Every structure is written in structure tokens, then in C-alpha cells.
Amino acid sequence: MVALHVVLGFVSDGMRLTTQGSRFAALNDTMPIDAVHLIRDTDYGWLIKLFPALTKTADLNHRPPVVSLAARELVNGHVSRTNPGRRPRCSSGESVGGLCIISSCSRFIVTRSFSSKMARSALDEMTESGAFNRTPSTFRDFISKDKTSQFPAESGRYHLYISYGCPWASRCLAFVKLKGLDKAISYTESDEHFGWVFPSSTEEPGAEPDPLNGAKSIRELYELASSNYVGKYTVPVLWDKKLKTIVSNESAEIIRMFNTEFNDIAENADLDLYPSHMQALIDEANEWIYDRINNGVYKCGFAKKQGPYDEAVEKLYDALDKCEEILSKQRYICGNTLTEADVRLFVTLIRFDEVYAVYFKCNKKLLREYPNLFNYTKDMYQIPGMSSSVNMAHIKKHYYGSHPSLNPFGIIPVGPGIDYSSPHDRERFGS
Ligand SMILES: N[C@@H](CCC(=O)N[C@@H](CS)C(=O)NCC(=O)O)C(=O)O
């Protein structure tokens, strides 16, 4: 029996961190024996902090293979697999902020049961019945055009951290582009792998190292903003460079700020995507579109039981049918005027056939089988600025590589490669 202290970072569902003997041995070599860390798949910020040497290895630049959980034993300072394939649990353990500290334990295994109560990843957000239940965002401050406010709208002061993969972040980026805020609000894309980690160089086209805080991961930004944050480390993050804190991590509110508060500096200030006379209509559309479509695809994809999946998929297709019907009579969701509701719908539609149809089992009907919805998606994509908020390679890489339990080998399907810049028929409603 080897006495050791083991600190286990919890894994979300299915583990993809470095359980291979060699890589695990590498972990071991970089730290004292009494603290071996396993880090769940979206917590690579920890990995980088704790094992700086590892970030230099090629291993971290590629998605680690998925290995089923197995008992391991520390032998002469090296971890070796003792019980491959078993779904184990460690008998003695104390949970501290999502970490399980196990003392005097010769073998250990990671299971979901070590997760803290607070959701740390979308895959933790489950009800007892196996349905996906998204938790609300935490940073909810507002930028205001009022110069005396805590977060006044100022050119160059705010930075948007995004991932092209993320539909919520993409809708914020779409607003930056549509409103002509590129010069006023800077943005960076974090890399696609391992939770949200910034690449160390520009090796990932489209993703960059953090230019402001030198953060290695989105998690570090949350830790800079709040020393006691216990939630998910999500994108988008709207960062205040002056106060060095997060203003908001809620995209639905960030897009509202971008729509109205920066109009003194926005190049396209006249574009109002949430005009007061349409707000009730937009709110009503947002509600069912969010619940059944934007979040609905996630409910299909993350369901862990047949019942919640069946329910989500039925609601999803009812809502898509409803959109199809609406769009057979008018150019946009709330009439013949482009609104926020369209941008919010678009970010899901553009991912539908490429990702959700396969990955989230939304295959009852493809988007391209809906003539109006499909042409509408092309129409939206072709609005000046919109296509630059879409990076399909990143989208596919993010989804297909993010949830080992959904796609254990991380294979990215080749198709269908739809050209959304091809002609559409939406001009029939006028512009
Ligand atoms: N309510 C948030 C949701 C953002 C969100 O869920 N982002 C995902 C990416 S699409 C994320 O960063 N997830 C990290 C995780 O689940 O650990 C918003 O709309 O801004």
C-alpha cells in the first residue's frame, strides 16, 4: 500500500484527460507525489497552471484519446493502470469546491460523483430525470451610454472573448459586426480544445492568445474577476479592460447592450434590432425559439434518457415547423424587418445540418428540407458582416471534440458542407 495524497479534479461525463500511462507518468514527473491531479475535460486551465511543463508537450495540442476510467496505482512515483476498464470509486474522499481530496489511498478512480453541486460544465446540468437543464449566467452587469455609470460605453474599453463554436458567443459577435462595433469593441477567440483555452501562439487560425491578461484559459478570466466564483467557465465573456473584470457572461444581455448603448460610436447606429414598437413581438418569439430551438437542440443532444429526448425533439420540430410557416409569409421572424430574434434563430440554424442533425440527434428533418428556413438561413448569412461571425471549421471542431461521451473518438464528420452564400429566394418579400 502506497500512502499518498491524491487530489482529483472531477471529470464531467466520460473522461478524456491523459489517462494513458505515458502521459499520466508525465503528469507525475512534474509534481510532488502527494498531489496527483486529474482535471475534467473543461478544466484545462488547471492543468496548465499546475503542470506548466506539460503545456510544452505535443500532447496538449491535440485532443487526448478517450480512455475508459480505470483504477490506477502509484508505484514508485509513477501511476500505472491496475484495473483497466473498471468504473471505480475511491472509498475515502472529501470534496472541496469540486475537487476530491483523497488521503492515504493507494488507488483511485474518478467518477462523476465527485462533482460539486454547482454545474461546472453543460454536461453537469442534468435533472434527475435525465433532462438537460441549463443554469443561468452569473455576471449580469450592464454597459450604459450614461457616462457616469460604472460601465460607461467607451470606445476601446471592452473586449469580447468568444469561441466561433459557441452559438451564444457568436450572436454577440454577429451584433458587433452588424452594428459596426469592430473598432470600438475588440474580441479574441479562445481555442477549441480542452474547455476554453487560449492557444499559446497563432497555431490555430482564427484563435489567438489572450492579448489583455495573458490568460491561458477562460477560467483564468473568471478567477481574475472573482476570487470565489463557482460556476461554469463559459463564453462569451464581456471584459472591462479598465476595471479588469467581467461585465457580463450572458449573451442575451450583451447583445442588448451592443444594440443600444454604443450608438455614439457604432458605425451602424441606425440599425435597431430591438425597436421599442416591436419589443413585445420579439420577446415572445425569443421565448419559444430559445426554449425549443436554441436550447432545444441541446436538450435533444444532452438528454440521458429516451423520454426527455423524445419530448425535446418533438418540441424542436414543432417550433421549426412554426418557423417554416411564418417564413413562408414574411422575410423575417417578426415581419419584414430584421430583428434580434432573427440573429438569435440564425446561430442555431447555421449549425443545424452540419452539427445538430448528427451530433445532437436532430435528424427527423434536415434544415435543407425546409425550403423557407433554408433560404432564410442563406439570406441571414449574406447580410453584410454576418458571415464573418461564422467559422464552420471551428464550429465542427468545437462540438465534435467537446463531449467525449457523445463522440468518444472525436471524429469530425465530413459533410454536408453547405454553401450558405449560394442564391436564395427571400428577395421575394422585398428588403
Ligand atoms: N447563458 C450563456 C450560455 C453560454 C454557454 O453555455 N457557453 C458554452 C459554449 S456554447 C460554454 O462556454 N460552455 C462551457 C461549459 O459548459 O463548461 C450565454 O448565453 O451567454
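A residue is called buried when its relative accessible area is under 20%, exposed when this is over 50%, and partly exposed in between (1.4 Å probe, protein chains only). The structure is a predicted model, in which local features need pLDDT of at least 70 and side-chain atom pairs count only at pLDDT 80 or more, while totals for chains, interfaces and linings use all residues. Residues are numbered from 1 along each chain as its sequence is written, and side-chain values use heavy atoms, with hydrogens and water left out.

Of the 431 residues of the chain, 57% count as buried. The chain contains twelve helices and eleven strands, these being DSSP runs numbered from the N terminus (helices H or I, at least four residues; strands E, at least two).

Helix α10 is one of these elements. Of its 20 residues, 19 are buried, so α10 is largely enclosed by the rest of the structure. Its end C-alpha atoms lie 27 Å apart, which agrees with the 28 Å that 20 residues should span at 1.5 Å a residue; the expected span is 1.5 Å times one less than the number of residues. Just after α10, Lys361 adopts a positive phi of about 60°.

Leaving aside residues up to four places away in sequence, Phe258 touches several residues, including Leu160, Phe175 and Leu238, where contact means heavy atoms within 4.5 Å.
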